[in-house]
Amino acid sequence: MAYYDPLTCLPNRAYIYRQLECTLTEAVREQDKVALMFIDLDGFKYINDTFGHSMGDQILKELATRLKRVVPSQGIIGRFGGDEFILLLPHLKSKEEAIANAETIIESFQEPFFIDGHELYLSVSIGISLFPDDGDDLETVIKHADISMYEAKNRGNNHYQFYTGQNENFPRRIMMERHLRTAIQKMNFKSTINHKWT
């Protein structure tokens with residue numbers, strides 16, 4: 001129970017860290033590549049503020065169900081915290097394999113969420129880092145996937161972004177851009193909801 005999130009029943013942050021350490025150690029020994037994806041639900045704070053945390057929890061549970069449905073058998077999906085999820089893909093054969101998985105996840109969000117009689121269209125942003133290309137240790141791989149996820153958010157909803165190595169100063173801009181992005185998402189989400197209900 002210490003390694004699983006009680007809401008989504010997915011592995012939690014502690015489990016992901018433990019599994020990632022083992023996976024990277026094995027990858028070094030086997031000279032494998034590993035993909036790490038940060039998956040973040042767009043506009044989740046506005047959902048909680050508008051509809052309440054109870055609906056937010058239901059959305060997170062449905063999101064976890066969708067992710068489990070599309071993640072390949074060798075992949076490990078876990079809840080990192082809040083509305084952030086992590087997908088670990090060991091034994092990566094190519095960059096294209098990571099792209100295919102990211103596109104499958106994004107495609108799964110084309111279907112609306114039906115929660116308490118509401119029809120909601122949601123989206124995700126995905127940041128991807130590759131081991132050992134984008135970092136040779138646990139913390140670096142995680143940090144680069146996180147940075148890439150925010151870069152994906154800058155491109156708009158339902159995008160993925162690989163780590164490029166050109167955005168090391170990006171964390172300094174995260175807070176300001178997060179506030180701007182949240183304001184834009186509130187307007188877009190409210191417009192979508194009003195359109196569905198009129």
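**View A. Asp83 in the loop between strand 2 (76-81) and strand 3 (84-92).** In this predicted model, Asp83 is buried without taking part in a salt bridge. The nearest side chain of opposite charge belongs to Lys153, 5.8 Å away, and a salt bridge is not assigned because the cut-off is 4 Å. Leaving aside neighbours within four places in sequence, Asp83 is in contact with Ile39, Asp40, Leu41, Phe44 and Leu60.

**View B. The aromatic pair of Phe38 and Phe80.** Six aromatic pairs are found in a search of the whole structure.

**View C. The aromatic pair of Tyr160 and Phe162.** This pair is edge-to-face, with 6.2 Å centre to centre and 85° between the planes. Phe162 has a relative accessibility of 10% and therefore counts as buried.

**View D. The aromatic cluster of Tyr3, Tyr4 and Tyr15.** These three tyrosines, Tyr3, Tyr4 and Tyr15, form one cluster.

**View E. Arginine side chains over phenylalanine rings.** Arg13 lies over the face of Phe80, at 3.9 Å from the ring centre. Arg66 lies over the face of Phe113, at 3.9 Å from the ring centre.

Technical notes: Residues numbered from 1 in each chain as written. Predicted model: local features only at pLDDT ≥ 70, side-chain atom pairs only at ≥ 80, totals over all residues. Heavy atoms only, no water. Helix = DSSP H or I, 4+ residues; strand = E, 2+ residues; numbered from the N terminus. Buried < 20%, exposed > 50% of the residue type's maximum accessible area, 1.4 Å probe, protein only. Lys, Arg positive; Asp, Glu negative; His and termini not counted. Contact = heavy atoms within 4.5 Å. Phe/Tyr/Trp six-rings, centres within 6.5 Å; stacked < 30°, edge-to-face > 60°. Lys NZ or Arg CZ within 6 Å of the ring centre and 35° of its normal.
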